[in-house]
Structures are given as structure tokens and as C-alpha cells.
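Dear colleague,

Please find below the structure that I am handing over to you.

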Amino acid sequence: MYSKAIFFLIFSVILFISCSVLVGTVDIRSYFFPLLQSQPISPFPCTTDPPLRVYMYDLPRRFNVGILNRRNLDQTPVTASTWPPWPRNSGLKRQHSVEYWMMGSLLHEATGDGRDAVRVMDPENADAFFVPFFSSLSFNSHGRNMTDPATEVDHQLQIDLMKFLSESKYWQRSKGRDHVIPMTHPNAFRFLRNQVNASIQIVVDFGRYPKTMSNLGKDVVAPYVHVVSSFIDDNPPDPFESRPTLLFFQGKTFRKDDGIIRVKLAKILDGYDDVHYERSAATEKSIKTSSQGMRSSKFCLHPAGDTPSSCRLFDAIVSHCVPVIVSDQIELPYEDEIDYSQFTLFFSFEEALQPGYMVEKLREFPKERWIEMWKQLKEISRHYEFQYPPKKEDAVNMLWRQVKHKLPAVKLAVHRSRRLKVPDWWQRR
């Protein structure tokens, strides 16, 4: 009788422990194998999910790399073996080149870990569809301004593209919702943009678009491609003291919309010996001096421009200069994975325009905290590097991961659209 009771007790204990382990309330490793316990979670992104499967349309080169070299009349779709390098001395066109790097990442044929998206040749196996139209480069290349007759070339490209897409059964199937279209220049795709409202747009901010056209719910915020060189050898004995300038800004001061704050900041920040605030146009020489200035400054100012964001923020990040953002409506890349408050300071328009307020706060900022931010910048700057071939957790792979995050909502919208008789009836209540 006692043996049965003991057996029942042992059985009950084993059953309890087994159930606890299965539901996660007990970690048996912490009792018997303490060295095998999980390590602390990194504050920066890491993923082991399978890569996103992307079908890329084979478009004639006039829609993409043909814009880089209009003398080449070959219209066969580009391949990995014919993929051209990004041209040197392209100036500010580079900052809007996200479309180029995303396309290149899909053409790259190497396999291995670290890829967040792979190209599939069968559209039936695709999670998403990539439209390789260089809309930003097209705007920058066809015409010197928005009224130039040469912009009709850009207009015709958009017309031809929409005709092509409208005839695709995969575009028709989702009404373009699972299609990814880069358009990082605020005027990209300007003629027919309302026809791609449902698509996943790759944008740098939402400054010029109504919410029905582009919004954080369906679209992906990308970083500008930085135009200054990355600070590779940044290992001084005392990084804080090696940067004598407190606050640095170099760029255009006369901008539209919220960018008017740049003129006001020029007056507010005038007269400080440790503040460099210079009006400058973007040239090859000024880009080099700007890089030198950022590398020798503790903080780099990022005021709003024509739109809430600009390339300057990402130039600061790869220069390991702590960004100081003055932009009330800015949206930032990868913000569901990266906490910008760990390496960036934020001031509202109202705070920044108080005489002496911002400079005083920066002068009082603790050295130890600044060094922590500097170390964080060195760690996360790889997430803002666009390169070919792509590397693990670089900018283009981070963007594909962001696209993947949007797909559950896309599937919901597609499935609902197939059965609703009155589209979006709930919004009318």
C-alpha cells in the first residue's frame, strides 16, 4: 500500500514538473544547467525568420538602370551579371537611390545567412511583389524642374508602368496591395501616384502626402542613403574631447513649409563659439567639409527641411555624431526595432526657438551619457549602409524586414475586399 502511495506521489511530481516546463513556468536549465541559461536580449535587431519571398517583375531597362546610362539602348531586363555599379560623383541623386539598392539585393545570387528577402521566379510562391521602377531617379533625371517639358518622359514612364501592372493578374488579385514600390523622393511618381495608393510604398517621410495616399499603417519608412563617407576608424582614446565643436549644421537655410525654422535657428544660434551653423549648397566640396565637421562635433543638428526629414540625419549617424532632431512631424526608419532615444536628442520647434535653451541643454549633457550614445551609434550605423552585395542587417535587409511586418495587414485587407459588398463600411459610421 505504501509503495503505491510513493509511486503515485513520484508520478504526480514528475507530471507537475513536465507540465510546468512545457508551459514555460519552470526553466529546468536554471536548476541543473545554469551556464545554459539564455543570454540577455540585444537592444538591436536580430532575426532568424525565413526570408521574405519576393517576385520581381522583369521590366525593360528604361524603367530602372537605363536611367543611369541613357546612352545604352539595350532594353533586356538587367541580371546579376549585367548589374551596373552606382555611378561615382552622382551628388545628391544618391540620397534617393533606395530603389537601386533594393533591386540589386534581389538580383544578387549568393546564398547564405543574413538575407531578409530572396527572389523567387514563380509568382505563385511569392509573399510580395517588387516593382523595379526607379521613380525617384526618373524625377531627378528628366527635366531640371517640375515645369520642364522633359518631365513628360517621366510622365510617360508612369503611364507605361501602370498599363503593365494593370494587365498583371497578380496586381489585379490584390489591387496592388502586396506590391512594393520605392518612391523616396517627395515628387517621385507625382503624375499617377493616386493609382498606387494601396501599394506598400517605400518613403522617407509623409510630409507631402495625404493619409489616404501614404501612411505608417501600410508603408515603410526608409532612411535616406547617406552621402558622406562612413567613419570607419573612429577609435580615439577620448571620443568626447576629440570632438571640439558642440553643435554642427551645414546646409541650405531657406526651405519651404516647416523648413522655415532653419532661418530662425540661424539667428538663435548666432554668436556661440562652440556652434557651427553654416549656410551651404550641396557640392562635392561642401559634402567633404560637412563630413569633416560632423566627425569633429559632439552633436549634429537636424532641423526640418522641405519635408520633416533629410539626408543629414543619416550622415550624422554614420559619422557617429549624436543627432539633435528639431522636427515635430518626423517619422524614423525601423522604429519598431530601434529605439532612437538611445542615441538621439529631440527638441520641439517651441523648445529649439527659445534663445539659449538648446545650447544650454547640450552644454549640460553628461559626458558619460554622450559616450554611451556614441557607442550606440557605432553599433547601429551598419543598419543605415546601402551596399552591393548586401550584408546581414544592412539597410536594404532592414527594409525588407519592414516590408514583411506589413504583410499581415495586407492579407487582411485583401481577404476582406473579396467579400465586402460595401467597401470599408465601418469607416462611414
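The notes below go from the chain as a whole to individual elements and residues.

Please bear in mind that this is a predicted model. The protein chain comprises 13 helices and 11 strands. Of its 429 residues, 49% are buried. Of the contacts between residues at least 6 apart in sequence, 68% join residues at least 24 apart.

The disulfide

The structure contains one disulfide. Its partners are Cys300 and Cys321, with an S to S distance of 2.2 Å. This pair links distant parts of the chain, 21 residues apart. Cys300 belongs to strand S9 (residues 297-303), while Cys321 sits in the loop between helix H9 (312-318) and strand S10 (322-326). The link of Cys300 and Cys321 is right-handed, with 105° about the S-S bond. Both ends fall under the 20% limit for burial: Cys300 counts as buried because its relative accessibility is 2%, and Cys321 counts as buried because its relative accessibility is 0%. Another cysteine, Cys311, is also buried, at a relative accessible area of 6%.

Helices H3 and H13

The axes of helix H3 (residues 98-107) and helix H13 (residues 395-417) come within 10 Å and cross at roughly 85°. H3 and H13 are therefore roughly perpendicular to each other. On the H3 side the contact is made by Val98, Trp101, Met102, Ser105 and Leu106, and on the H13 side by Val396, Leu399 and Trp400. Seven of the residues in this contact of H3 with H13 are nonpolar, one is polar and none is charged.

Helix H11

Which residues of helix H11 (residues 357-364) are buried? They are Met358, Val359 and Leu362. These three lie on the same side of H11, because they cover an arc of only 100° around the axis. In general, an α-helix has 3.6 residues a turn, so residues three or four places apart point the same way.

His108 is found in the loop between H3 and strand S2 (117-119). With 19% relative accessibility, His108 counts as buried, since the limit is under 20%. Leaving aside residues up to four places away in sequence, His108 touches Arg115, Tyr388, Pro389 and Pro390. Two of these partners, Tyr388 and Pro389, are joined by a cis peptide bond, with omega at about 0°. Pro389 lies in the loop between helix H12 (367-380) and H13.

Glu393 is found in that loop between H12 and H13 as well. Its phi is near 60°, a positive value in a residue other than glycine. Glu393 is buried, with a relative accessible area of 7%.

Tyr334

A positive phi also occurs at Tyr334, a residue other than glycine, where the value is near 55°. Tyr334 lies in the loop between S10 and strand S11 (345-346). At 1% relative accessibility, Tyr334 counts as buried. As background to these backbone features, most residues other than glycine have a negative phi, and most peptide bonds are trans.

With kind regards

Terms used
Residues are numbered from 1 along each chain as its sequence is written. This is a predicted model: local features need pLDDT of at least 70, side-chain atom pairs count only at pLDDT 80 or more; totals for chains, interfaces and linings use all residues. Side-chain values use heavy atoms; hydrogens and water are left out. Buried means under 20% relative accessible area, exposed over 50%, partly exposed in between (1.4 Å probe, protein chains only). Helices (H or I, at least four residues) and strands (E, at least two) are DSSP runs, numbered from the N terminus. The arc is that of the directions from the helix axis to the C-beta atoms. A disulfide is a pair of cysteine sulfur atoms within 2.5 Å. Axes are lines fitted to C-alpha atoms, for helices over the stretch in contact, and angles run from 0 to 180 degrees between N-to-C directions. Angles under 35 degrees count as roughly parallel, over 145 as roughly antiparallel, 65 to 115 as roughly perpendicular and the rest as oblique. Contact means heavy atoms within 4.5 Å. Ala, Val, Leu, Ile, Met, Phe, Trp, Tyr, Cys and Pro count as nonpolar, Asp, Glu, Lys and Arg as charged, and the others, Gly among them, as polar.
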